[in-house]
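Please read it alongside the sequence and coordinates.

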Amino acid sequence: MLAWKNPVILLTGVNGQVGFELARSLQGLGRVVALDRGALDLGDTRQIRHTIRELKPSLIVNPAAYTAVDNAETDEATAFMLNAVAPEVMAEEAKKLGAAIVHYSTDYVFDGTRTGAYVEDDQPNPQNVYGKSKLAGERAIVESGCAHLIFRTSWVYGTRGKNFLLTMLRLSAERDELAVVADQYGAPTWANTVAVLTSHVLAQAIGEAGDDWNAWWQAHSGVYHLTASGQTSWHGFASAIFDLSDISEKPLIKQVGAASYVTPARRPANSVLSSGKLTKAFGVCPPDWRDALRLCLQTP
């Protein structure tokens with residue numbers, strides 16, 4: 001029988017933005033086994049099954065993903081392998097064990113044509129391969145019948161990896177003027193916010209479930225939106241980065257339309273997600289995106 005009070009927690013993608021933060025925020029909830037690509041290749045389904053069967057985790061937390069949105073247009077097989085097939089295999093093994101899986105998805109499952117924030121019951125309609133692969137992963141987990149939490153997030157950034165924040169800071173040292181898209185909207189979400197809110201939710205699962213772990217997961221399994229609160233454009237995000245940073249020579253930020261940038265993958269014009277369901281279910285309140293950005297920029 002799997003342990004619920006001091007569970008083994010298998011964490012994938014530990015070197016990624018969210019995985020790095022989760023490796024820290026999950027401490028104290030159980031025995032965290034954090035694996036990078038070298039220890040767990042999500043392109044190898046046999047290795048995935050073997051690892052899970054050997055560890056027998058009570059929880060699988062899977063932030064690992066193929067996130068190169070434009071590259072996915074010509075590398076569809078790899079995108080679907082990492083974003084759809086690997087989660088499906090994890091879910092199948094979790095179901096066999098009686099374990100639960102926490103998985104992360106994206107605003108790109110929507111087409112961006114809605115007015116106002118998307119809620120979980122809105123019809124997905126991904127416009128690029130990346131979004132299609134992430135939606136396929138969501139559906140595979142749900143269809144497996146395993147206990148699950150699927151957190152859709154958006155515009156993730158942090159102090160490591162490749163993201164908009166680090167790109168802006170790098171370009172500010174190279175250029176006096178930057179042109180940034182002003183007609184796409186979303187909520188910039190710090191990777192640390194995703195990890196901390198996840199840990200708060202899982203603390204409830206472990207603390208409240210008692211001997212009836214299955215009942216807790218039956219009541220709470222589902223898809224939830226998890227982003228910072230508020231919204232802005234990419235131009236607004238860039239402006240805030242330089243307003244809140246200590247850079248002495250700040251570039252001029254020009255507004256341009258998304259049509260000015262021709263990219264292989266189409267992006268949604270509206271990526272705003274409502275986290276109301278998350279707050280109602282678990283009592284967690286995502287911070288305003290500017291407040292989180294300020295903290296991120298102050299982090300050593």
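W155 lies in the loop between β5 (147–153) and β6 (156–157); strands are DSSP runs of E with at least two residues, helices are runs of H or I with at least four, and both are numbered from the N terminus. Its phi is near 45°, a positive value in a residue other than glycine. At 8% relative accessibility, W155 counts as buried (buried is under 20% relative accessible area, exposed over 50%, partly exposed in between, with a 1.4 Å probe and protein chains only).

K56 is placed in the loop between α2 (45–55) and β3 (59–62). The phi of K56 is near 50°, again positive and not in a glycine. With a relative accessible area of 47%, K56 is partly exposed.

## Basis of the values

The model is predicted: local features need pLDDT of at least 70, side-chain atom pairs count only at pLDDT 80 or more, and totals for chains, interfaces and linings use all residues. Residues are numbered from 1 along each chain as its sequence is written, and side-chain values use heavy atoms, with hydrogens and water left out.

## Aromatic pairs

A search of the whole structure finds 13 aromatic pairs. Rings of Phe, Tyr and Trp (its six-membered ring) pair if their centres lie within 6.5 Å; planes under 30 degrees apart count as stacked, over 60 as edge-to-face and the rest as tilted. The rings of F164 and F237 are stacked, because their centres are 5.0 Å apart and their planes are at 25°. F164 belongs to helix α5 (residues 164–172) and F237 to helix α8 (residues 234–244), so the pair ties together parts 73 residues apart in sequence. Both F164 and F237 are buried.

Elsewhere, ring pairs link Y104, F151, W216, W217, Y224 and F282 into a cluster.

## Charges over rings

The charged end of K277 sits over the ring of Y224, 4.6 Å from its centre. For R160, the charged end sits over the ring of F20, 3.9 Å from the centre. The criterion is NZ of Lys or CZ of Arg within 6 Å of the ring centre and within 35 degrees of the ring normal.

## Packing of α5 and α8

The axes of α5 and α8 come within 10 Å and cross at roughly 60°. Axes are lines fitted to C-alpha atoms, for helices over the stretch in contact, with angles from 0 to 180 degrees between N-to-C directions. The two helices are therefore oblique to each other (under 35 degrees is roughly parallel, over 145 roughly antiparallel, 65 to 115 roughly perpendicular, the rest oblique).

The contact (heavy atoms within 4.5 Å) is made by F164, L165, M168, L169 and S172 of α5 and W234, F237, A238, I241 and F242 of α8.
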